[in-house]
Amino acid sequence: MKKSLIIVAHPSIQTSVINRRWLEEVKKYPELFTIHELYPSYPDWHIDIAKEQKIIEDHAGIIFQFPLYWFNCPPLLKKWFDDVFTYGWAYGSTATQLQGRKMGLAVSAGGSEKDFSQAGRCGFTLPDILRPFEMVAKYIRADYQPLFYFNGAISDPGVAPQYTLADLEISAKNYIDHIKRLA
């Protein structure tokens with residue numbers, strides 16, 4: 001059985017609480033998951049397209065793990081999509097590399113669950129905000145999986161976290177359960 005690929009796009013994983021904890025948990029299962037961190041891999045932002053495509057081809061499913069940045073992914077991940085998902089490989093009439101492959105997102109967001117609602121500060125839910133990723137999956141004929149997310153990840157100095165350590169531990173365990181379903 002092929003492993004699932006966790007593509008992590010966090011520009012400052014060492015200062016992260018949520019994404020770093022998720023990675024700590026994923027690392028307990030090296031037989032199931034391969035972790036691929038984009039920022040350490042490409043500090044100069046020169047993405048090796050052939051290498052990235054081969055990494056994907058060698059895995060069963062893909063999870064893109066990142067913090068929400070201005071209602072989108074961090075910029076290196078956007079560039080990664082633009083560079084790696086090429087015509088003829090990811091999309092187009094002859095492209096089959098991603099067809100049927102499970103693909104999902106694991107996202108940490110600073111706002112609360114209430115903020116990410118139609119009545120909240122953002123006016124949209126996280127699945128609504130992240131709909132372009134679902135559209136990408138559909139366009140490349142991948143099998144888009146339900147979103148995994150953690151709200152309240154904001155870490156402003158002087159502001160108390162909106163979560164407890166117990167919440168964080170539950171989230172890490174739930175993340176593993178979620179991504180195990182990708183295989």
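Colleague: What classes of residue are in the lining of the second largest pocket?

Modeller: This is a predicted model. In it, the lining of the second largest pocket has eight nonpolar, two charged and one polar residue.

Colleague: Which residues are they?

Modeller: The second largest pocket is lined by F71, N72, C73, K78, F81, D82, F85, I129, P132, F133 and V136. By class, K78 and D82 are charged and N72 is polar.

Colleague: Changing topic to the chain as a whole. How many helices and strands does the protein chain have?

Modeller: Its secondary structure comes to seven helices and six strands. Starting at the N terminus, the order of elements is β-α-β-α-α-β-α-β-α-α-β-β-α. The radius of gyration is 16 Å, close to the 16 Å that the globule rule gives for 183 residues, so the chain is as compact as a globular protein of that length.

Colleague: What box do the C-alpha atoms fill?

Modeller: Along the principal axes, the C-alpha atoms of the protein chain fill a box of roughly 50 × 35 × 35 Å.

Colleague: What share of the residues is buried?

Modeller: Of the 183 residues in the protein chain, 46% are buried. As for contacts between residues at least 6 apart in sequence, 76% of them join residues at least 24 apart.

Colleague: Now R21. Where does it lie?

Modeller: R21 lies in helix α1, which covers residues 18-26.

Colleague: Is R21 buried or exposed?

Modeller: R21 has a relative accessible area of 10%. Buried means under 20%, so R21 counts as buried.

Colleague: What does its side chain make a polar contact with?

Modeller: The side chain of R21 makes a polar contact with the side chain of E25, at 2.6 Å. Leaving aside neighbours within four places in sequence, R21 is in contact with K28, L168, E169 and A172.

Colleague: One more residue, I55. Which helix is it found in?

Modeller: I55 is found in helix α3, residues 49-57.

Colleague: Why does I55 count as buried?

Modeller: Because its relative accessibility is 17%, and the cut-off for buried is under 20%.

Colleague: What does I55 touch?

Modeller: Not counting residues up to four places away in sequence, I55 touches L5 and H36.

Colleague: And how far is I55 from H10?

Modeller: Their C-alpha atoms are separated by 19 Å, and I55 and H10 are 45 residues apart along the chain.

Methods. Residues are numbered from 1 along each chain as its sequence is written. This is a predicted model: local features need pLDDT of at least 70, side-chain atom pairs count only at pLDDT 80 or more; totals for chains, interfaces and linings use all residues. Side-chain values use heavy atoms; hydrogens and water are left out. On a 1 Å grid over the protein atoms alone, a cavity is a set of points where a 1.4 Å probe fits but cannot get out, and a pocket is an open set with protein on both sides within 12 Å along at least five of seven lines; lining residues have an atom within 4 Å of a point. Helices (H or I, at least four residues) and strands (E, at least two) are DSSP runs, numbered from the N terminus. Buried means under 20% relative accessible area, exposed over 50%, partly exposed in between (1.4 Å probe, protein chains only). A polar contact is a pair of N or O atoms within 3.5 Å; within protein, one must be able to donate a hydrogen and the other to accept it, and residues adjacent in sequence count only if both atoms are side-chain atoms. Contact means heavy atoms within 4.5 Å. The radius of gyration is taken over C-alpha atoms; the globule rule is 2.2 Å times the number of residues to the power 0.38.
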